[in-house]
Amino acid sequence: MTAKRLYLLGISLLFLSCGILRTTPLKAQDCVDLLVSYQPAPDSLLFLILDRETGIGKRFIRTDTESGRPIVNRTGQTAVDADNQIFYFISTLEETAQGVEQAFLRDASYAFENIGPRIPTSESLFELQYSCEKKELYALDWQVANPPGLPPLNFAALVTVNADGDSAPIGTAMNSGEGIVEGVSTVDGAGEYFYYVFKTGTDFVLQGLPTSTANPPISTTMTYEPLDLGYDPVAEEVVILTTDFKIVRYNVATDSFSEVGTIAGISGTIKAGNAAYDPTTDSGSYFMIADNGATHTLYEVDGTNASIISSVNIELPFFNLLAAVPCVAKADFLFENTCVGEATVFTDISVGAEVWEWDFGDGTAVVTTQNPTHSFSAPGTYDVFLEISGCSVPKDTTIQVVISEAPSPDLFDTLTACNDMVVLDAGDVGVGATYFWLNNSTEQTLTVNRGSGDRYYWVDVSIGSCTVRDSTFVTFLENDYGSLSFPATQVLCQDPPITLDAGENIRADVNVSYLWSTGATTPTIEVTGDGTYSVTISNPDDPTGIHNCPILEATTTITFTSPDDVNFSFGEDVYTCDATYTIDPGDADSYEWSTGATSSTLSVSESGFYSLTITNGECEVSDEILVELISYNVELGGDANGDLTLCATQDFPTLDATPQNLLGLVSDVPAISYLWEDGSTNATRQTNANTSNYSVTVTIGDCSQEDFLNLNVVDDIAEEVNLGGDRSVCSGQTVTLTAGVSGATYLWSTGESTESISVSSNGTYSVTVFGGCDASDEATITFLEDVNIDLGSDLVVCPTTGQVLTLQPNVSALGANLQYLWSDGSSGAQLAVTQGGTYAVTISDEFACEYMGATEVTEQCNSFVQVPTAFSPNGDNLNDVFLPRAEFVNDYVFRIFDRWGNQVYETTNPEEGWDGLTDFEPLPLGVYVWVITYTNEEEDSELLKGNVTLIR
C-alpha cells in the first residue's frame, strides 16, 4: 500500500504591491495600478487593470452583463477603494421599449475577482469618490428643476452612499449654475473636502463641499476649462488638468492658481474621465488616454513640469481611467501544508510591499523572497514573523503555524468484493485525528454500496493542520449467477448416453467458470454409464471465494435400467347413461391418474378424457380413455305442470323437442330420434286449435327422455291495460298508476304486485297483467326539477346618487309562458330597485309549477378620491389651490412633502386644499410629493401617494 499525500491549499490572492500613508508628508515610489472600463457590446461592461508598459488590459476584474438590455456607465460614476481593492461603479440598465432607466450600484473586488449584487440607487448620483481616510463613498446628488418659462436650475448635494445603495445628504444642496462638469471631481488627502466643478456663463467654478457640517464650503471662480481634478496631499493643492492640456495647481490656503505648464506632444483628444492623477511619485504623475481615430495612446506626464514621461499604444478604447493608490500598507500571508519534514508554502497577500523579511520562528535564517517555502524539522507551534517595506513605512505581522506529525491512514490500494456493501476503514491513526472522505463524510469509516459502481475512493486524514491522503479502488464482482441443482439420484429407463447441463439456469450475462468431477470445464458433459457426477461453478476473478463471491455446487448419482415388457391399454371409449362409471386398467406396480389419484381403479362422474401412467419396475407406460356420461332435457314449454295458456288472438306455437342442456358428449354426438303421440318423428310439431294434449319421446343411443304439453286457449285483455301515457309532473308531487284490470295478477317493473302503485321519481314504469291472457303497458313519468331562482348576491345601491339597480331573474332553466309575481305586487320580468331591502319573486310555468327566489340589497356608497397633477398658486383665482376630490371617506389625512422629505402641509378636512404656502411663506416651484390616507366604505385603510407640480 502506498499513501498519497494531499496538502490543503489556501486561496491564492493577488493584491496591489504598494501603498502610501497620506497623513504624512512622504513621497513614495511608484505605487499605482490603473483601472479602466471597456464596453465590448451595448449589454456588457468589462473592468480591467491596465498594464502601463504594454497598454494591454493585463488582468480581468469582472463583467456586468444584462442580455438584451443596454448598460450605461457614465463618466464620473466609478470609484476605487485601493486599500481593500474594491471597485465601485454605477451601471444604468435602459428599457428602450418603455423608456425607463434603472440605476444600480455595484462593487467588484479586483483581488478576488468577484462582483457584488446590483443595488438599486438614485439615477442622479454622479462623481463617485472614495476617501480611504474616512472610509466613505461619496457622490453628488444632481437635481435639475425645469420651471416653465425659465432656464433649468441645477442643484448638487454631497451625499454618502452605503452598501445598500442608500444615500444620505451632507449639508444642503448647492446651486450648480448651468450644471456640473461630469468626470471632474476629487477628495482631499484627509477626506475633509469633496471638490467638483460647475459652469456659469464662460467661467467655471471650483467648489469644495465639506464632508462634515463643521467646515464651511469652498468656492472659487476660474477661467480654466477642466478635464480632470486630482489632489496632492503633501502640498495640499488641487491639481487641475485643462482641456488645452495645461496642468494647473490650486492652493486652498491662499485661494490662488498657478500654472505648471502645457503638455506638448499629445496626439488626439482626451475625453472627460480618461485622466487620473497619481500623487505618490515625487513628480506627481498624470496618466491620460488620448484617442486619435482608430488608435489609442496611454501617456504618463510629469506633474512638476508638464512633460511626457512615457507613452504606449493601448489595445482597446478604454474609458473611466482610475489611479488606484492605497492609503496604508498591510502585511499578511497565507500558508499551506503543515506536516513535519514537508515543505510548508507561504503566500504573501500583503498590500504595498516591495521588500519582504521572513522569520519562521525555528532559529533558521531570515528569508527575503516574496513567497518562500520552508521545512520544519520538528512538530510544534511556531510564530512566523513577516515584515514588509517598499512604498510606505514598514509593516509587520506575526501568525502562529502549528506543525504536526503526518498521520498514516491504511487503505488497500485495490479492493475486490462480491458483497453489496463494503466498509472502508482509514484506521485509528492517533488522538485528535479528523477524517474527510470524497463524499464529505467525516467518519473514520466509509460504507460503499454496489450501486455506486466500480470507482476510486480517497480520504484526507488530518492531525492538526497536517493532512495526508490515502486512496483505494473498489471493484464489485457479480454475486448472482443464477441457480444450480440436480436430483440427488436419477434412475433412467433408457440406454445411455445422456447430457447433464449445469448452465441451464445460469445467467448469460455473467462470467463464471465450471469444474466437473470428470475434469471437464464446459457447462455440459455427456454421461455414458452409471456413477456419481458433481460440478462446481465459481467467479474466475475469485475462484476460492476469498472476496465473498458465491460458489455453486451440485451432485447427482445416475443409474441406467432396461425397459420391461409392459402390456397396458384401456381399449374402446365408453358411452353410458349412468351417472358414474368405474375405469379398471388391470394389475400394475403403481398407478398415477391424470386426476392425481394413485388407486388401481378410478370412479368418474363427469364426461372427459382420463389418462393413466402405470409403473412396472423402473419403466412407465401411459394410455388415455374417453368416458361419456350422457345427460339431457326435453322441454316443450308450459309451466311446471306442462300447462300452456294461449290468447285467442295469438299465433299457435311450434313445439321443438331438440335436446336441451346436452352434457357428457365431448366427441361426436350419436343419432337422435323423436316419436310424438300422433306417431310423427320430426324434431318439431305445429300446434292447432283441435288438439289440446301433446307428448314426445327423444332417444340418444341407449338414453330416452319424455315431455308433454297441455294447451288451453282463452280471451285477450290487452286493450284494458292502460297506465295513461307519458307525462310531466311538478317537483314534490306523487303520481298514482293503475293497471286497469281488476281481479287479476300484477307484476310492476318496481317489483310490486298490487293493482296500483305510487311513484315520486323520474322513470319509465311498466306493468304486466296476468289474467288468462297476459297484457302489458308502460308510462314515462318526468318530475320537473325544482329550480332556485337567482336574483344575484352582494348587491348594493347608493340612494344618495339616485342609482337604479335592476333585478332580473335567470330563467334559462325554465320553459316558455312564464308568469311573474314580485314581493311588491308587480308582475314584470324585471324589477327596478333604488333602496335597500329584501326582494322576492315567484314564477309559474306552463305546468303550473312555481319557483321562488329572493335577495338582499344593501345601501352603500363607494369611496372616491381624485387628485390633480399640478396647480399654480399665483393669485389669478385659477387653479390656485391643490385640492383633491374625496367623497364617502373617513379618517382622512392629506400631507405634502418637499424633495428633501420635509412635510410642508397637512389637513384632515377633505374640503381643504394646499395653497402652496408653508408657515405663511410661498414655496418655490418644483415637484412635491403628496400622501393621502383614509378609511373606505368597508372600513379598510387606504394609502395613496404621488407627485404634484407647483407652477407660478
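**The largest cavity and its lining**

Modeller: Strand E10 gives the most to the lining of the largest cavity, with five residues. The model is a predicted one, in which local features need pLDDT of at least 70 and side-chain atom pairs count only at pLDDT 80 or more, whereas totals for chains, interfaces and linings use all residues. Residues are numbered from 1 along each chain as its sequence is written, and side-chain values use heavy atoms, with hydrogens and water left out.

About 600 Å³ of space lies in this cavity, and the structure holds one cavity of 30 Å³ or more. A cavity here is a set of points, on a 1 Å grid over the protein atoms alone, where a 1.4 Å probe fits but cannot get out; points are joined across faces, edges and corners, and the volume is the space filled by probe spheres set on them.

Lining residues, those with an atom within 4 Å of a point, number 38, and the closest to the centre are Gln129, Thr186, Tyr277, Leu322 and Ala323. At least two lining residues come from each of strands E5 (78-81), E10 (125-131), E14 (180-187), E18 (226-232), E22 (275-278) and E26 (319-324), where a strand is a DSSP run (E) of at least two residues, numbered from the N terminus.

By class, the lining divides into 20 nonpolar, eleven polar and seven charged residues, with Ala, Val, Leu, Ile, Met, Phe, Trp, Tyr, Cys and Pro counted as nonpolar, Asp, Glu, Lys and Arg as charged, and the others, Gly among them, as polar.

Key
1 Å grid on protein atoms, 1.4 Å probe; cavity = no way out; pocket = protein on both sides within 12 Å on 5 of 7 lines; lining within 4 Å. Helix = DSSP H or I, 4+ residues; strand = E, 2+ residues; numbered from the N terminus.
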